[in-house]
Amino acid sequence: MDQWETIRLRCVRDGEPIKTVARDLGLSKNTVRKYVRSLHAPEHAGIDRECILDPYRRHIDDWLKRSPRITAVRIGALLRSHVNEDLQVSERTLREYVATRRGDIVRKEAFIRSLYGPGDEMQFDFTPVTILLSGVLIIVQLFVARLSYSGKIFARVSRRADQPSLFTGLLGAIVHFGGIPRGALFDNAKIAVIKVLRGRSREENKQFHEFCGGLALLVEFAAPARGNEKGGVEGACGFVEDNVFRPIPECESLEEINETLLRFCERDEARRSAVHHETIGERFQRERPTLRELPPVLPAPCTRRNARINKFAEVFCETNRYSVPTRWAHRDAVIELFEDRLRIIVDDQCVAEHRRCPGRNQTMLDVRHAVDLLGFKHRSVERAEIIAEGRLPAPLLALRKRLYAEDPQHAGRSFVAVLRLLESYSGQVVGESVAHALAIGVLDPAAIALLARQRTTPIPAAATALKLRSPEGQQRPEVDLARYSLETLAERSL
């Protein structure tokens, strides 16, 4: 094509001799003369080379017809195991050939555009994204909810895509929208669906069903492997990911990135829809009055599980251990599992509350839960796990070491007396008081308690000094000292 254009310009436009142009381009004179006479660009006559997989086209087409989603790698394995065990073909050639045959055999699906009325439907879903949290690269779950009519979105991230995170995301979405739509659409995740039945019927998870019932929100489920049925939220997930998580954002906490997402969702109202030619904010103003008002009491975004407190006053939840006050050992309990924390309930009483462990096989122990028992079993203070793993301030661990070095016999009792200060003061105050005591060489628990009290109790103002001179007009009282003489006292004693 480039040569034809060059020949036409030089010979036809500029009038150069054919011989000169042929010599410069390295072509024969007949070729140059043919291009001069031709008014149409030459067509490329490619050489049809036979592919190494052409002899197996019948087998490949048959597998694609029976299973349109079969992968190229699987087809290569089938060819070697059933047709020709000596077949040598590169993975790239195999993928390109299968992709070409798939395009010829499998018909592409066509879709019908849907129209929604104000307040008709909300779609929500999870998708994994990557963030840099306190310098560590981690994968978190992005929850996105979208109103189908206006296109208004709500987004937040959490560490997991479990039921507490789903419930927290749904509550955050309806509060952000200011109301509840008539229905919602979700996929068939295990946190919501136990079993996919025939047609649109589903066996829903009990706790998910109860939570949606508390909101009076009718949730329908998309057909399996049919992401187009909730294409609105699928596109919203990609839109949020492109605009917030590329490049990878840096943050110190999930609360920080969630605030960024909330501001992004508010700014997104100014975006103009390419389909409706209106801004999202304008359509939401029409949709907002059609949303049902929020109930006066929202359901708690948590799941409840039964547990047994063991002899170490601990409960297990998702392979992690959480401490409970020792007086509740050997009791049945209910665990209320929230997105970032959990509560342990015994006899309708909250006996412990912990921050939820982010991983697996971890411990979350509170030394205050064992102070009473350590008072009776003070010998165990030296090797108690709840002290070593209870996230105590470093000065307290240094104090325990000093106490056992100087007075091993009474070290346990003395250290428990210091631990009891955690029931009245914060860990920071106790840690600073112990550090001060160690700096001045004091190990007495009473002295440490005094230092903690001085750090938290304000010092009263100094009393006003008494006047040395009596006020004007006031006489000094006269006192009869005769009654205190030795003779008078002796007569009274007789």
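Is Phe 124 buried or exposed? Phe 124 is buried, at 0% relative accessibility. Here buried means under 20% relative accessible area, exposed means over 50%, and partly exposed lies in between, with a 1.4 Å probe and protein chains only. The model is predicted, so local features need pLDDT of at least 70, side-chain atom pairs count only at pLDDT 80 or more, and totals for chains, interfaces and linings use all residues. Residues are numbered from 1 along each chain as its sequence is written, and side-chain values use heavy atoms, with hydrogens and water left out.

Start with the rings. Rings of Phe, Tyr and Trp (its six-membered ring) pair if their centres lie within 6.5 Å; planes under 30 degrees apart are stacked, over 60 edge-to-face, and the rest tilted. The count is six aromatic pairs. One of them joins Phe 124 and Phe 143. Their ring centres are 6.2 Å apart and their planes meet at 35 degrees, so this pair is tilted. Phe 124 lies in strand β1 (residues 122-133) and Phe 143 in strand β2 (residues 136-147), so the contact ties together parts 19 residues apart in sequence. Helices (H or I, at least four residues) and strands (E, at least two) are DSSP runs, numbered from the N terminus. Phe 143 is buried as well, at 1% relative accessibility.

Move on to Phe 167 and Phe 211. The two ring centres are 4.2 Å apart, with planes at 10 degrees, so the pair is stacked. Phe 167 belongs to helix α7 (residues 163-177) and Phe 211 to helix α8 (residues 206-215), so the pair ties together parts 44 residues apart in sequence. Both Phe 167 and Phe 211 are buried. Ring pairs also build a cluster, made of Phe 124, Phe 126, Phe 143 and Phe 186.

Which rings have a charge over them? A charge sits over a ring if NZ of Lys or CZ of Arg is within 6 Å of the ring centre and within 35 degrees of the ring normal. The charged end of Lys 152 sits over Phe 284, 5.1 Å from the ring centre. Arg 271 lies over the face of Phe 239, at 4.3 Å from the ring centre.

Now the salt bridges. Each is a side-chain nitrogen of Lys or Arg within 4 Å of a carboxyl oxygen of Asp or Glu. The count comes to 31. One of these links Arg 66 to Asp 62, with the closest N and O atoms 3.4 Å apart. The two are four residues apart in helix α4 (residues 57-66), and so are separated by about one helical turn. Arg 66 is exposed at 60% relative accessibility, whereas Asp 62 is partly exposed at 38%.

Other bridges span separate elements. Glu 353 meets Arg 341 with its closest N and O atoms 3.0 Å apart. Glu 353 is in strand β14 (residues 349-355) and Arg 341 in strand β13 (residues 341-346), so the bridge ties together parts 12 residues apart in sequence. Glu 353 is partly exposed at 45%, and Arg 341 is partly exposed at 30%.

Arg 455 and Glu 432 form a salt bridge at 3.3 Å, N to O. Arg 455 lies in helix α17 (residues 445-456) and Glu 432 in helix α16 (residues 427-440), so this pair ties together parts 23 residues apart in sequence. Arg 455 is partly exposed at 43%; Glu 432 is partly exposed at 34%. Finally, salt bridges with shared partners join Asp 162, Arg 305, Glu 318 and Arg 356 into one network.
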